[in-house]
Amino acid sequence: MRLAVYPGSFDPITKGHIDILERSSRLFDRIVVAVIHNVNKKELFTLEERKEMIREATQHLPNVEVDCFSGLLVDYIVQKGACAIVRGLRTVSDFEYELHMAMMNHHMLPEVDTIFIMSTSKYFYISSSMVKEAALLGGPVGDLVPPNVEARLREKWRQRKEGKGVSD
Ligand code: ADP
């Protein structure tokens with residue numbers, strides 16, 4: 001049983017993340033999407049909301065499951081008995097950060113490798129932060145996120161608009 005962990009913030013999950021999951025789930029027997037629980041980071045969605053959105057959006061992938069972790073990723077990898085870490089690569093700016101993180105993790109846990117999957121050209125410009133920024137200003141993000149996420153983002157936008165008393 002070859003298990004891989006795909007860690008990230010997923011605030012929220014996008015079509016770019018789903019593409020990485022569809023492709024990596026063909027390479028491993030099981031993939032655990034591990035949502036990072038970072039109390040210091042200001043997220044738009046709670047941990048539970050992020051997990052729920054991933055579960056809903058990956059129903060077509062039977063070998064993908066959702067979990068969360070806090071603390072060191074390598075400790076979580078050992079606890080799960082995973083053989084690999086999956087990460088997605090979009091641009092050159094991703095590369096430098098990802099390279100450092102992969103080297104650091106490899107230094108702490110040499111028996112586990114990070115497997116990088118290149119974004120498809122269709123999704124390489126999608127990031128959770130850009131999606132949030134556009135959606136919270138009322139922009140159309142239906143092509144960038146699955147329908148369940150689009151609905152939740154629209155709800156957040158509506159709440160903010162009402163909170164600020166902004167009219168249509
Ligand atoms: P983190 O805060 O750990 O970067 P993210 O949720 O932003 O968490 O991303 C998790 C992983 O998914 C990272 O490896 C990131 O590069 C990758 N990723 C994010 N968006 C895309 C995309 N559009 N295409 C491919 N990989 C992506």
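Cys83 is partly exposed, with a relative accessible area of 25%, where buried means under 20%, exposed over 50% and partly exposed in between, for a 1.4 Å probe and protein chains only. The structure is a predicted model, in which local features need pLDDT of at least 70 and side-chain atom pairs count only at pLDDT 80 or more, while totals for chains, interfaces and linings use all residues. Residues are numbered from 1 along each chain as its sequence is written, and side-chain values use heavy atoms, with hydrogens and water left out.

| Residue | Relative accessible area | Class |
|---|---|---|
| Cys68 | 24% | partly exposed |
| Cys83 | 25% | partly exposed |
| Glu111 | 61% | exposed |

A disulfide is a covalent bond between the sulfur atoms of two cysteines. With a disulfide taken as a pair of cysteine sulfur atoms within 2.5 Å, the count comes to 0.

Helices (H or I, at least four residues) and strands (E, at least two) are DSSP runs, numbered from the N terminus. Five strands form an open sheet in the order S3-S2-S1-S4-S5, with parallel pairing, where two strands pair if DSSP finds at least two bridges between them. The edges are held by strand S3 (64–69) and strand S5 (113–118), each of which has a single partner strand, so one side of each is left without a neighbour in the sheet. On average, and with direction ignored, neighbouring strands of this sheet are turned by 30° against each other, the axes being lines fitted to C-alpha atoms. Strand S2 (residues 30–36) runs parallel to S3 and is joined to it by 6 bridges, and Val33 has Val66 in S3 as its bridge partner.

Glu111 lies in the loop between H4 and S5, and its C-alpha atom is separated by 35 Å from that of Met130, 19 residues apart along the chain.

The largest pocket holds about 920 Å³ of space. A pocket is an open set of points on a 1 Å grid over the protein atoms alone, where a 1.4 Å probe fits, with protein on both sides within 12 Å along at least five of seven lines, and lining residues have an atom within 4 Å of a point; a volume is the space filled by probe spheres set on the points. Its lining has 40 residues, and Pro7, Gly8, Ser9, Arg87 and Glu98 lie nearest the centre. Helix H4 gives the largest share, 7 residues, and the lining divides into 16 nonpolar, 15 polar and 9 charged residues.

Technical notes: Ala, Val, Leu, Ile, Met, Phe, Trp, Tyr, Cys and Pro count as nonpolar, Asp, Glu, Lys and Arg as charged, and the others, Gly among them, as polar. Axes are lines fitted to C-alpha atoms, for helices over the stretch in contact, and angles run from 0 to 180 degrees between N-to-C directions.
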